[in-house]
Amino acid sequence: MATAMVIGTQWGDEGKGKIVDYLAQKADVVIRSQGGNNAGHTVVVNDQSFALRLLPSGILFSDKTCIIGSGVVVNPSVLLAEIDSIKARGVHISSLEISTRAHVIFPYHIRIDEEDEKLKGEAKIGTTKNGIGPCYADKVNRIGIRVGDMLDEAVFREKLKYNVTLKNRLFKMYYECDGFSYEEMLQEYLEYAEKIRPYVRDTDYSVNYYISQGKKALFEGAQATMLDLDHGTYPFVTSSNPTSGGACVGAGVGPRKMENIVGVVKAYTTRVGAGPFPAEQINEAGEYLRNTGHEFGTVTGRPRRCGWLDTAVVKYAAMLNSLDYLAITRLDILDGLDTIKICTGYTYEGEKIEEYPASLAVMEKVQPIYETLPGWKTPISHCRNYEELPKEARAYVERISELVGVPLGIVSVGPNRDQTIILQSIF
Ligand code: GDP
Ligand code: IMO
Ligand code: MG
């Protein structure tokens, strides 16, 4: 196998960074294809933790090519700070490519994101306020500024002038707040452009070239299926397509090239921000998951909403992404529980429904159906083989696989690279 993709199956923070870092050991190229610095991917190597926002999780290996693909939205100041910070920690970046087609996030995108959330009040989405949605909106509106534009001063001046003028009008008339200085922003971004220039490539060609040369390419999803703009819990979603189809578009690679699609499933469910979450536990069980799992956002520090695993959600993700394998993470967080519940579907107005409803109004009224399994009540983080896991832990993951209809590929029992049990060779 020469290609693999890692996709979040729930509402994000499933442990994609950890799984990508593990699989990257055998990969040559690691590619991010959507989202931006709304992602927070934690990779723990030798007990050192790295929280990556824009850099692909393969960056900690000095011999891998890391690519920020065309579908990503890039905040250059965040990217440069991230590069400096990991270099300062002794990581050698040998090969980083940034797509000339990727769109650039500007301070006005961040302000629009903040002001929109304020205006929405109670109805706010709970975004990461990184300007992700407004940047993608400009892209769709065909007024966005791409990395390649930023490198051509004449083009950049014209496009930035247009955008700053337009946004300043919006700030004044609609949001009733101050605008930005075009000259200051221009100078700031021209400096970023020079720092980024050495990395900029037409990555649509380079990704396909590497694959054609038999290099092993690993596609790293950010966000997750239920945050997908088209298929998630709209409008409580992100502004990109974190599903496998979106990864093809964002990387510029045809779907036939994708060989192994791995869905990362947290052993329970978390969600940051607003929106439906039928298996949420606002009780002792939820507190246990939040406290034991230290469930606070990598990016925003917000407490994550916690609940039981919902296999209706994961089954929907399996369908949308054509999942080949499941990677179940954070199984060790359930070590202390007497019993563990799985939400296997819902009832709506007394009727059982097995499909994930598209309507938010229906979603808000569904009642989860639970199945209860025995816990294992013993630490599992030291286990390295499947057989070493207690039989109750095996029964739990096997039941998930059965309910979702996708075979188990990986079981993760701790944040470190070696705390990983492999059931299927992905590459
Ligand atoms: P991502 O956004 O999907 O990459 O996930 P995050 O990094 O935001 O959150 C996952 C958290 O779980 C990180 O702190 C990881 O280091 C950690 N993690 C990943 N896998 C495991 C696991 O199997 N057990 C434990 N205890 N932690 C894990
Ligand atoms: P990783 O890659 C969890 C959520 C936000 C909010 C919604 C929209 O670490 O799994 P946005 O800033 O994207 O416009 O916010 O999406 N969100 C995430 N939640 N993990 C993420 O990324 C997320 N990226 C965005 O909390 O509800
Ligand atoms: Mg995260």
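## Helices α6 and α7

In which crossing, left-handed or right-handed, does α6 pass α7? The crossing is right-handed, meaning the near helix is turned clockwise from the far one by less than a right angle. Who makes the contact (heavy atoms within 4.5 Å)? On α6 there are E153, F156, R157, L160, K161 and V164, and on α7 Y182, E183, M185, L186, Y189 and L190.

Residues 153–175 form α6 and residues 182–196 form α7; their axes sit 10 Å apart at an angle of about 140°. The two are therefore oblique to each other, the class left over once angles under 35 degrees (roughly parallel), over 145 (roughly antiparallel) and 65 to 115 (roughly perpendicular) are taken out.

## Helices α2 and α7

Helix α2 (residues 76–88) also packs on α7, with axes coming within 10 Å and crossing at roughly 45°. That makes this pair oblique as well. Here the crossing is left-handed, and P76, S77, L79 and L80 of α2 meet Y189, Y192, K195 and I196 of α7.

## Around ligand 1

Ligand 1 has 20 residues around it (a heavy atom within 4 Å), the closest being K16, T42, R330, D332 and S412. A polar side-chain atom of S412 is 2.5 Å from a ligand oxygen. Polar backbone atoms take part too: one of G17 lies 2.8 Å from an oxygen of ligand 1, and one of E14 lies 3.1 Å from an oxygen of the ligand.

## About the model

This is a predicted model, with local features needing pLDDT of at least 70 and side-chain atom pairs pLDDT 80 or more, while totals for chains, interfaces and linings use all residues. Residues are numbered from 1 along each chain as written, chains are lettered from A and ligands numbered from 1 in written order, and side-chain values use heavy atoms, without hydrogens and water.

Notes: Axes fitted to C-alpha atoms, helices over the stretch in contact; angles between N-to-C directions. Helix = DSSP H or I, 4+ residues; strand = E, 2+ residues; numbered from the N terminus. Contact = heavy atoms within 4.5 Å. Polar contact = N/O pair within 3.5 Å; in protein donor to acceptor, adjacent residues only side chain to side chain.
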